[in-house]
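Hi everyone, thanks for making the time. Have a look at the model on the screen, and I'll talk you through how its pieces pack together.

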Amino acid sequence: MIKAENIKKIYQTNGDRVLALKGISLNIEKGLMVAVMGPSGSGKSTLLHILGGIDYPTEGKVEIDDVDITNLKDKQLAEFRNKNIGFVFQFHYLLPEFTALENVSLPAYLAGDKNAESKAVAILTKLNLKDRINHKPSQLSGGEQQRVAIARAIINNPKVLIADEPTGNLDSQNAKNVIMLIKELNESFDMTVIIATHDVEIAKYCDYIYHIKDGMIEGIEKI
Ligand SMILES: Nc1ncnc2c1ncn2[C@@H]1O[C@H](COP(=O)(O)OP(=O)(O)OP(=O)(O)O)[C@@H](O)[C@H]1O
């Protein structure tokens, strides 16, 4: 489902060169839920961005469902992402002037889905946010904001969900609710999930933990 071959990433800023990924290869089968753990600066976000097609590797190849995304041009890659990959970040990045319903509908509108709004209502209802659909992000709690962000990430039925520290900003009860929700999506839709986390309790919900250190995979642990 997700294949990476010898991914390297070099960031170059003002003459400084940071080798963030030093040759990562992996193969994640459809329907698995995988945690990526490692010290700060080890390359977790960089890896997730490259696997999700938000960024290109300096070297190496990423295939999702047999599509070589490293070969896609910006516009094609954006289309591929919108259709196939959902993202959730530590900070929700919801649009502040838009309601929950509008935030969640947006990716479906962009994909030309005529039923965007009714789909968004259905997903928000399933995530126990029905009576919050007309609220703006500032009128929602942190846990509710993150559930709206998850609803937005899954509205186009992505094959892959990429979550970068999705619970990093939440208290332990909300963190548990969010990870259980992600697990449920993983199981009921066979959605392949990759989560970067510092939290061992969160990683326990996954099938595997990929331990990353200094831009390399140090080990793979089966849960
Ligand atoms: N845009 C960038 N430009 C230059 N260097 C970067 C950039 N993004 C990340 N880096 C560097 O690449 C390395 C890996 O960063 P990355 O954000 O992937 O680590 P991380 O494991 O996600 O860290 P954290 O747990 O702190 O979020 C770090 O040394 C970081 O400073």
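Let's start with two helices. Ala100, Leu101, Val104, Ser105, Ala108 and Tyr109 in α3 meet Ala116, Glu117, Lys119, Ala120, Val121, Ile123 and Leu124 in α4. Contact here means that the C-beta atoms of two residues, placed from the backbone, lie within 7 Å. By class, that α3 with α4 contact has 10 nonpolar, 1 polar and 2 charged residues. The classes go like this: Ala, Val, Leu, Ile, Met, Phe, Trp, Tyr, Cys and Pro are nonpolar, Asp, Glu, Lys and Arg are charged, and the others, Gly among them, are polar.

Before I go further, a word on where this comes from. This is a predicted model, where local features need pLDDT of at least 70 and side-chain atom pairs count only at pLDDT 80 or more, while totals for chains, interfaces and linings use all residues. Residues are numbered from 1 along each chain as its sequence is written. As for the element names, helices (H or I, at least four residues) and strands (E, at least two) are DSSP runs, numbered from the N terminus.

Back to the pair. Two packed helices are described by the angle between their axes and the distance between the axes. For α3 (residues 100–110) and α4 (residues 116–126), the axes come within 8 Å and cross at roughly 125°. Axes are lines fitted to C-alpha atoms, for helices over the stretch in contact, and angles run from 0 to 180 degrees between N-to-C directions. The two helices, α3 and α4, are therefore oblique to each other. In the scheme used, under 35 degrees is roughly parallel, over 145 roughly antiparallel, 65 to 115 roughly perpendicular, and the rest oblique. The crossing of α3 past α4 is right-handed; the near helix is then turned clockwise from the far one by less than a right angle, and left-handed is the anticlockwise case.

Now the other helix pair. How far apart are the axes of α5 and α6? They lie 10 Å apart, and α5 (residues 142–154) packs on α6 at an angle of about 15°. That makes α5 roughly parallel to α6. This crossing is right-handed. On the α5 side the contact includes Gly142, Gly143 and Ile150, and on the α6 side it includes Asn174, Leu181 and Leu185. By class, the contact of α5 with α6 has 6 nonpolar, 5 polar and 1 charged residues.

Helix α6 (residues 172–189) also leads us to a sheet: it lies across β3 (33–37), β7 (160–164) and β8 (192–196), running at about 165° to β7. There is an open sheet of 6 strands in the order β6-β7-β8-β3-β9-β10, with mixed pairing. Two strands pair if DSSP finds at least two bridges between them. At the edges sit β6 (85–89) and β10 (216–222), each pairing on one side only. From one strand to the next, the twist averages 15°.

Zoom in on β9 (residues 208–213), which runs antiparallel to β10 and is joined to it by 6 bridges. Isoleucine 212 stands opposite isoleucine 217 in β10, and histidine 211 stands opposite glycine 219 there. The two strands, β9 and β10, form a hairpin with 2 residues between them, and aspartate 214 in the turn has a positive phi of about 50°.

Then there is an open sheet of 4 strands, ordered β2-β1-β4-β5, with antiparallel pairing. Its edge strands are β2 and β5 (67–68). Lysine 8 has lysine 22 as its bridge partner in β2 and glutamate 59 in β4. Helix α1 lies across β1, β2 and β4, running at about 120° to β1.

Which elements each supply at least two residues of the shell around the ligand? They are β1 (2–13), β2 (16–28) and α1 (44–51). The largest share, 3 residues, comes from α1. Among the surrounding residues are Tyr11, Val18, Gly38, Gly43, Lys44 and Thr46, where near means a C-beta atom, placed from the backbone, within 6 Å of the molecule or strand in question. By class, the shell has 3 nonpolar, 8 polar and 1 charged residues.
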